[in-house]
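Have the structure open while you read.

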Amino acid sequence: MTFDLEAAYAELQPHFQGRARRSEPLARHGTFGVGGPADLWVTLKTADELIRLVHLCAERLWPLLLVGNGTNILYADAGERGIVARIALDKYSIEDHGDGTALMIAEAGVSWPRLLNELAEQGWGGLEFGPGIPGTLGGGVISNAGAHNSELGSVLEWVEVMDARGSSLAHNENEVSVPVLRRYMHSEIDLGYRQSRFRAGRHIAFDAQGYPIKPPRGLIEPAEIIVQLAVRLHRDDPQKLKAIIEEYKQHRKRTQPPQQSAGSVFKNPPGDFAGRLIEQAGMKGMIHGKAQISQRHANFIVNLGGASAADVVALIIEARKRVHAQFGVDLELEVELRGEWGTGTGTPS
């Protein structure tokens with residue numbers, strides 16, 4: 001079925017008003033600052049809006065891509081067809097157990113940096129390792145985000161998702177499957193280093209020429225959409241927590257580049273660091289177009305101003321090739337590719 005942009009806009013705009021926009025540049029919604037237009041962009045502020053939109057797209061067979069803050073996404077220069085919806089659900093509550101522990105129930109779009117300061121002020125510890133993680137809690141679950149030898153999985157109790165896997169397999173009106181809410185406990189999430197069950201189908205392979213191959217996508221992507229999660233907290237001294245957060249913030253300023261980027265480009269290989277390997281391969285500071293492998297940290301690619309997705313991919317390809325040639329290591333992407341990608345060009349295939 002062909003996506004009818006005008007019909008979708010006409011149906012969604014009365015509810016979302018200015019939060020539904022046609023031909024929205026994705027460069028505005030990713031920290032790389034690159035990417036072409038989304039056919040239709042929608043900002044979701046409540047769980048009800050999210051659930052209703054997923055159901056509607058399943059019924060209408062409208063392609064739907066759900067995203068967070070775009071902190072680890074590389075959008076294609078050709079943009080994304082269908083609907084791109086940002087999950088901006090940002091409410092949370094704390095269930096105090098009265099014994100120095102608590103359970104925080106947070107919506108997927110809660111911003112990690114904002115949350116840490118509020119928790120520290122209230123004397124709740126558990127997430128203070130993450131001031132350098134710029135994304136949302138929902139995004140943090142997907143990649144099991146971490147820093148300073150800690151990770152979200154260590155305090156995660158459960159996640160609640162909108163399961164649209166059946167809908168993503170549908171190809172016509174006779175195959176529509178209604179999305180359902182589902183809860184996964186910690187042991188069911190398959191957490192590992194920058195890994196969870198929600199990232200299992202997102203692995204980026206590379207072809208024989210070294211070009212990244214974006215995984216095939218279903219009607220609704222991701223097929224399991226994180227709606228809310230529960231995190232264990234513990235009582236701690238507010239001043240101590242604030243000091244830890246400030247220390248980690250300063251560490252980030254010293255070690256990470258100030259320009260636009262999407263954080264670490266590659267996962268660290270076992271027993272080593274991707275940045276060290278890239279630097280040893282002579283890539284630190286290399287420029288392609290308006291993108292550069294950071295002079296401060298070689299596992300960051302930065303936008304010098306006006307970079308294209310194709311510029312970024314060119315550096316990714318070259319870094320992988322050089323590291324493989326010199327060290328025999330195949331670096332695995334940590335950033336995710338979204339949009340209409342061709343072979344190494346950022347244009348439609």
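A pocket here is an open set of grid points with protein on both sides within 12 Å along at least five of seven lines, while a cavity is a set of points where a 1.4 Å probe fits but cannot get out. Keep in mind that this is a predicted model.

Q: About how much space lies in the second largest pocket?
A: Start with where to look: Gly-201, Arg-202, Glu-221, Pro-222 and Ala-223 are the lining residues that lie nearest the centre of this pocket. The space in the second largest pocket comes to about 380 Å³.

Q: How many residues of the second largest pocket's lining are charged?
A: The lining has 21 residues in total. Of these, 9 are nonpolar and 3 are polar. That leaves the charged group, and its count is 9.

Q: Which element gives the most residues to the lining of the largest cavity?
A: Leu-116, Leu-119, Ala-120, Trp-124 and Gly-125 are among the residues lining the largest cavity. With 3 residues, the top contributor is α3.

Q: How many nonpolar residues are in the lining of the second largest cavity?
A: Val-265, Phe-266, Ile-278 and Asn-299 are among the residues that line this cavity. The lining has no charged residues and 1 polar one. The nonpolar count is 7.

Q: Why is strand β5 largely enclosed by the rest of the structure?
A: Strand β5 covers residues 80-87, which makes 8 residues to check. A residue is buried when its relative accessible area is under 20%. β5 is largely enclosed because the number of its residues that are buried is 6 of the 8.

Q: Which residue in β5 stands opposite Trp-41?
A: Strand β2 (residues 37-44) pairs with β5 in the parallel sense, over 6 bridges. Look along β5 for the residue facing Trp-41, and you land on Val-84.

Q: What is the bridge partner of Val-67 in β5?
A: Strand β3 (residues 64-67) also runs parallel to β5, and 4 bridges join them. Follow the bridge from Val-67 across to β5, and you reach Arg-86.

Conventions
Residues are numbered from 1 along each chain as its sequence is written. This is a predicted model: local features need pLDDT of at least 70, side-chain atom pairs count only at pLDDT 80 or more; totals for chains, interfaces and linings use all residues. Side-chain values use heavy atoms; hydrogens and water are left out. On a 1 Å grid over the protein atoms alone, a cavity is a set of points where a 1.4 Å probe fits but cannot get out, and a pocket is an open set with protein on both sides within 12 Å along at least five of seven lines; lining residues have an atom within 4 Å of a point. Grid points are joined across faces, edges and corners, and a volume is the space filled by probe spheres set on the points. Ala, Val, Leu, Ile, Met, Phe, Trp, Tyr, Cys and Pro count as nonpolar, Asp, Glu, Lys and Arg as charged, and the others, Gly among them, as polar. Buried means under 20% relative accessible area, exposed over 50%, partly exposed in between (1.4 Å probe, protein chains only). Helices (H or I, at least four residues) and strands (E, at least two) are DSSP runs, numbered from the N terminus. Two strands pair if DSSP finds at least two bridges between them.
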